[in-house]
Amino acid sequence: MNAVEGRGHLAATAASPILEARGLQQSYGDKPVLRDIGFALQPGRVLALLGPSGCGKTTLLRLVAGLLRPTGGALLIDGRVVAEAEGAFVPPEGRGLGMVFQDYALWPHLSVGGNVGFPLEMRGMARAERERRVTAALARVGLDGFARRKPGELSGGQQQRVAIARAIVAEPRLVLFDEPLSNLDRELRESLVGEIAQLVAGLGLSALYVTHDQAEAFALADSVAVMGGGRIAQLDAPEALVGRPATPAVAEFLRLGTLATVTPRADGWWLPGGEAPILPRGTGPAPDAPQQVLIPRRALRLVPLGEAALRGMVTGSLFAGDRHAVTVQLPGAPPLDLRLDSARRAAPGETVGIAVATEELCWFASPP
Ligand SMILES: Nc1ncnc2c1ncn2[C@@H]1O[C@H](COP(=O)(O)OP(=O)(O)OP(=O)(O)O)[C@@H](O)[C@H]1O
């Protein structure tokens, strides 16, 4: 099992996990969607589930929420088994969770205050205490004075803030976020992601955050589970995912650079049909068989031809605000596109030299 460890924290303490999945499986009919999912989320940490559409992230979140019963394995919240294939099953309202959905899921006929106070009303909390908590929760999300408005009078970003206030009003120990920002435009997403991070840290919440947006996951989460094919391909801190992707599939999904299959020869590693070694001798593992290697963008830089380890032709140069994202094609069969960042614009068709920081390369043990 992977232990979820926090960025900037010491390794997980002896505290029992707030959420734990043990060998969790889910099939729809005879179609397996989640296979052998295991993780443990420590209190006060944020775990993001990141993966392409259809990889099973929402299904996993629904299992945690209690909207589905697993077909195998077990789920524990705060040390208590809340779901197994046969046996325990605690319904959603018994799990003490807050939830934030992509579509806000606000009741249009209720006021903002009525929406936020709803979970407290369900618990039979007295009106005065309810109002005090609703006011505090709205203040937390920057919506003081909005209690009497109707959701339809608010912008998308404000509606999502209302949904967040509703998720935290009952002071849950674990909050589930299901792609909460995907209906908002980029600028708003960027500001809300920072606000959610502050809120979660300020309240000491634990959170499970589903997204297909890498930047969101990296900005918010202590640990990120990259999912693929119904499994967790890698669970790590964002920096570790970028620095040491576990598989070529993870590197590819995170768009960390160029994956190449290289073959060892006496003078170095060669691309199929290459004109010269792509990497010098002595780089990488003992050269006895073809290997897959990730050449991250950060490992490459444009240099004068005389100093270059590689040379190729510029096929694209896009200005990205603070840098040019340059694509250079190396000759080979098939040719290989290298992507790198450059301070200067490169002209398509230009022959350029590239230096490689070989210590930044990631070699994969698995055969290509
Ligand atoms: N109720 C269902 N019945 C049958 N198959 C389902 C059901 N719900 C989801 N699936 C299938 O399970 C797989 C995983 O779906 P899930 O929604 O969990 O993926 P996801 O990673 O959240 O994708 P997205 O980002 O598009 O929401 C998909 O192939 C989907 O078609």
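I take helices as DSSP runs of H or I with at least four residues, and strands as E runs with at least two. On that basis I counted 8 helices and 21 strands in the protein, which is a predicted model.

**Overall form.** I looked up the extent along the principal axes and found that the C-alpha atoms fill a box of roughly 80 × 45 × 40 Å. Of the 368 residues, 39% count as buried. I then checked contacts with a separation of 6 or more: residues 24 or more positions apart account for 65% of them.

I consulted the UniProt record, an unreviewed entry, which annotates residues 19–254 as "domain: ABC transporter". Over residues 19–254 I noted 36% helix and 27% strand, with the end C-alpha atoms 26 Å apart.

**Ligand shell.** I listed the residues surrounding the ligand: Tyr28, Val33, Gly51, Ser53, Gly54, Cys55, Gly56, Lys57, Thr58, Thr59 and His212. Sorted by class, the shell holds 3 nonpolar, 7 polar and 1 charged residues.

**Nonpolar core.** I turned to the largest nonpolar core, which has 98 residues; Ala48, Val175, Leu208 and Ala225 touch the most other members. Helix α4 (residues 156–168) gives the most to this core, with 6 residues.

Note on methods:
Residues numbered from 1 in each chain as written. Predicted model: local features only at pLDDT ≥ 70, side-chain atom pairs only at ≥ 80, totals over all residues. Near = placed C-beta within 6 Å. Nonpolar A, V, L, I, M, F, W, Y, C, P; charged D, E, K, R; others polar. Buried ≥ 20, exposed ≤ 12 C-beta atoms within 10 Å, placed from the backbone. Contact = placed C-beta atoms within 7 Å. UniProt positions renumbered as here; feature names shortened; annotations may be inferred. Core = buried A, V, L, I, M, F, W, Y, C linked by C-beta atoms within 7 Å.
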